[in-house]
Amino acid sequence: MPQSIDVVVPTFNRWDLTEACLGDLAGQTVEHAVIVSDDGSTDGTPARVREAFPVASVVEADRNRGFAAACNRGVAAGSGRFVVLLNNDVRARPDFLEQLVAPLDRDERVGAVAALLIRPDGETIDSVGLAADATYAGFPRLAGRPVAEAASERPALAGPSGGAAAYRRAAWQELGGLDETMVFYLEDLDLALRLRAAGWKAVAAPNAGAIHLGSATAGPRTAPTRFNSGFSRAYLLSRYGVLGTRLAPRAVATETLVALADLALSHDASAARGRLAGWRAAADAQPRPQPPPEAVERRIGFVDSIRLRWQDVAGHGPRPHGDKPRSSRAPSAPS
């Protein structure tokens, strides 16, 4: 079967980043199609893409609908055997795509591949996909370690971060893509867990390196930011039935501490209100199937989970999902 790659770049303003990202894609070592899925930019991004990169396809939304919807639109506009999601703040090496899709070519059971995202210093890992603790809280895997450790097998890989990920189109279509109920945050972790539960493998491609400029399109942690991240966290807790398990006390304690910390820092209850709304949104939804044990890193204990979550709430920790189309939102962080 011939290889074909659709690269979907979701955009929301910041043409300077998009121009650099598309320039890098033009120099890749394998053929591919580029689909820019614009989510309501007001800086002329769609027109600029058509002028500067006429070989790229542009899909426009009638209004800003969020990262999940932008990615789903872009994937639906293509027909490639493999799908790559790439944030516009990622600067890809020339062999990035070739290395990223290689595992999909080698093993038909692989449904998703995580890239190596590197911090701007060029020496430190930003993430190699996502790791999930026992309550399905997601964290950037291997964040802060030297690039030389990118091939490490622990913590266990749940799946790729949506900021730089490859998917087999058959797997994507089987699972229905990203869940648009989660407007922002954790939709990539949810898809990773669903793919694993369906029997697809997820692997890392540590040789598929790219620099992640890191939240370059984002602003401060606004109330909508914290509401939406809280929404997604509670939505996943409900969909995966965590509060009906022996892990319920841990999950409740963690979410309470995080929400209280956010209240103390931000002086409003947006994170708590988001959690309530997310729980309600999932109330009538079908439970998600449980992912296999190997998709979860159970060595991320309660204390480690609190520490990682606190780094994000405080705004000085790693950003797990990069920069995405948004509505007045800030960097990705699980409030």
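Is Val242 buried or exposed, and what is its relative accessible area? Select Val242: with a relative accessible area of 2%, Val242 is buried. Buried means under 20% relative accessible area, exposed over 50%, and partly exposed in between (1.4 Å probe, protein chains only).

Before moving on, note that this is a predicted model: local features need pLDDT of at least 70, side-chain atom pairs count only at pLDDT 80 or more, and totals for chains, interfaces and linings use all residues. Residues are numbered from 1 along each chain as its sequence is written, and side-chain values use heavy atoms, with hydrogens and water left out.

**The H7–H8 loop**

Stay on Val242, in the loop between H7 and H8. Helices (H or I, at least four residues) and strands (E, at least two) are DSSP runs, numbered from the N terminus.

Now select Leu243, in the loop between helix H7 (223–239) and helix H8 (248–266). Leu243 counts as partly exposed because its relative accessibility is 34%.

**Salt bridges**

The structure holds 24 salt bridges. Each is a side-chain nitrogen of Lys or Arg within 4 Å of a carboxyl oxygen of Asp or Glu.

Select Glu255 and Arg275, whose side chains meet in a salt bridge (2.9 Å, N to O). Glu255 lies in helix H8 and Arg275 in helix H9 (residues 270–281), so the pair ties together parts 20 residues apart in sequence. Glu255 is buried at 8% relative accessibility, and Arg275 is buried at 10%.

Go next to Arg73 and Asp39, another salt bridge (2.9 Å, N to O). This pair links distant parts of the chain, 34 residues apart: Arg73 is in helix H3 (residues 67–76), Asp39 in the loop between strand E2 (33–38) and helix H2 (45–52). Asp39 is buried, at 0% relative accessibility.

Then show Arg109 and Asp107, bridged at 3.2 Å, N to O. Arg109 is exposed at 54% relative accessibility, whereas Asp107 is buried at 16%.

**Helix H6**

Select Asp179, Asp190, Arg194, Arg239 and Arg288: a network of salt bridges links them. Then show helix H6 (residues 187–197): 10 of its 11 residues are buried, so H6 is largely enclosed by the rest of the structure. Among the buried residues of H6 are Asp190, Arg194 and Arg196. Just after H6, Gly199 takes a positive phi of about 100°.

**The second largest pocket**

Keep Arg196 on screen; among the other lining residues of the second largest pocket are Arg141, Glu153, Arg154 and Glu294. On a 1 Å grid over the protein atoms alone, a pocket is an open set of points where a 1.4 Å probe fits, with protein on both sides within 12 Å along at least five of seven lines; lining residues have an atom within 4 Å of a point. The volume of this pocket is about 250 Å³. Strand E11 (residues 201–212) gives the most to the lining, with 3 residues. By class, the lining has 6 nonpolar, 1 polar and 5 charged residues.

Technical notes. Grid points are joined across faces, edges and corners, and a volume is the space filled by probe spheres set on the points. Ala, Val, Leu, Ile, Met, Phe, Trp, Tyr, Cys and Pro count as nonpolar, Asp, Glu, Lys and Arg as charged, and the others, Gly among them, as polar.
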